[in-house]
Amino acid sequence: MKVSIKVDKIRFTIPISLSLCGFIIRHIPNKELTEELKVLIIEAVKCVKGSSKEYKGMKIAEVETADGQEVKITL
């Protein structure tokens with residue numbers, strides 16, 4: 001998975017392994033995410049991991065602000 005960020009004239013891409021996503025979600029404090037929501041997100045990540053080869057390059061999220069900042073998450 002790749003997270004691409006564009007702010008003003010600066011662009012950078014952060015590659016993130018799907019295994020790392022599960023690790024990060026497990027270590028988010030319970031006051032931010034409930035345990036049930038964590039389990040649901042981890043199951044969704046497992047599904048995405050299983051089909052990542054089939055849908056390689058698919059955009060998961062694309063956000064653009066009014067002042068031109070962009071964040072794109074691509075599988």
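## Close-up views of the predicted model

**View 1. Val-7 in strand 1.** Val-7 has its place in strand 1. The model shown here and in the other views is predicted. At 30% relative accessibility, Val-7 counts as partly exposed, since that class lies between the limits of under 20% for buried and over 50% for exposed. Val-7 is 64 residues from Val-71 in sequence, and their C-alpha atoms are 8.8 Å apart in space.

**View 2. The whole chain, for orientation.** The chain has two helices and four strands, and from the N terminus on these elements run β-β-α-α-β-β. The C-alpha trace spans about 40 × 35 × 15 Å along its principal axes. Of the 75 residues, 16% count as buried. The chain exposes about 6,000 Å², and carbon and sulfur atoms supply 61% of that area. Among contacts between residues at least 6 apart in sequence, 34% join residues at least 24 apart.

View 3. Four strands make an open sheet in the order 2-1-4-3, with antiparallel pairing. Strand 2 and strand 3 (59-64) are the edge strands, and each pairs on one side only. From one strand to the next the twist averages 10°. Strands of a sheet pair through backbone hydrogen bonds, either parallel or antiparallel. Strand 1 is joined to strand 4 by five bridges, and the two run antiparallel. In strand 4, Lys-72 is the bridge partner of Ser-4. Strand 3 and strand 4 also run antiparallel and are joined by five bridges; Ala-61 stands opposite Ile-73 in strand 4.

**View 4. The hairpin of strand 1 and strand 2.** Six bridges pair strand 1 with strand 2 in the antiparallel sense, and Ile-5 stands opposite Phe-12 in strand 2. The two strands form a hairpin with two residues between them. Asp-8 is found in the loop between strand 1 (2-7) and strand 2. The phi of Asp-8 is near 55°, a positive value in a residue other than glycine. Most residues other than glycine have a negative phi. With a relative accessible area of 62%, Asp-8 is exposed, because the value is over 50%.

View 5. Ile-10, Phe-12 and Ile-14 make a nonpolar surface patch of about 280 Å². Phe-12 lies in strand 2 (residues 10-15). Phe-12 has a relative accessible area of 40% and is partly exposed.

View 6. Lys-6 forms a salt bridge with Glu-70, with the closest N and O atoms 3.9 Å apart. Lys-6 lies in strand 1 and Glu-70 in strand 4, so this pair ties together parts that are 64 residues apart in sequence. Glu-70 is buried, with a relative accessible area of 19%, whereas Lys-6 is partly exposed at 22%. The two residues are classed apart because the limit for buried is under 20%. Glu-62 forms a salt bridge with Lys-72, the closest N and O atoms again being 3.9 Å apart. Glu-62 is in strand 3 and Lys-72 in strand 4, so the pair ties together parts 10 residues apart in sequence. Lys-72 counts as partly exposed, at 24% relative accessibility. Salt bridges that share partners join Lys-6, Lys-59, Glu-62, Glu-70 and Lys-72 into one network.

**View 7. Helix 2.** Glu-43 forms a salt bridge with Lys-46, and their closest N and O atoms are 3.7 Å apart. The pair is three residues apart in helix 2, so about one helical turn separates Glu-43 from Lys-46. Glu-43 is partly exposed, with a relative accessible area of 42%, and Lys-46 is partly exposed at 49%. Ala-44 also lies in helix 2 (residues 35-50) and counts as partly exposed at 40% relative accessibility. The C-alpha atoms of Ala-44 and Gly-22 are separated by 9.8 Å, and these residues are 22 apart along the chain.

**View 8. Surroundings of Thr-74.** Thr-74 is found in strand 4 (residues 70-74). Thr-74 is buried, with a relative accessible area of 17%. Leaving aside neighbours within four places in sequence, Thr-74 is in contact with Met-1, Lys-2, Gly-57, Met-58, Lys-59 and Ile-60.

Key:
Residues numbered from 1 in each chain as written. Predicted model: local features only at pLDDT ≥ 70, side-chain atom pairs only at ≥ 80, totals over all residues. Heavy atoms only, no water. Buried < 20%, exposed > 50% of the residue type's maximum accessible area, 1.4 Å probe, protein only. Contact = heavy atoms within 4.5 Å. Patch = residues over 30% accessible without salt bridge, like charges linked within 9 Å, V, L, I, M, F, W, Y side chains within 5 Å. Areas by Shrake-Rupley, 256 points an atom, 1.4 Å probe, with all protein chains shown as cover. Salt bridge = Lys/Arg side-chain N within 4 Å of Asp/Glu carboxyl O. Pairing = 2+ DSSP bridges. Axes fitted to C-alpha atoms, helices over the stretch in contact; angles between N-to-C directions.
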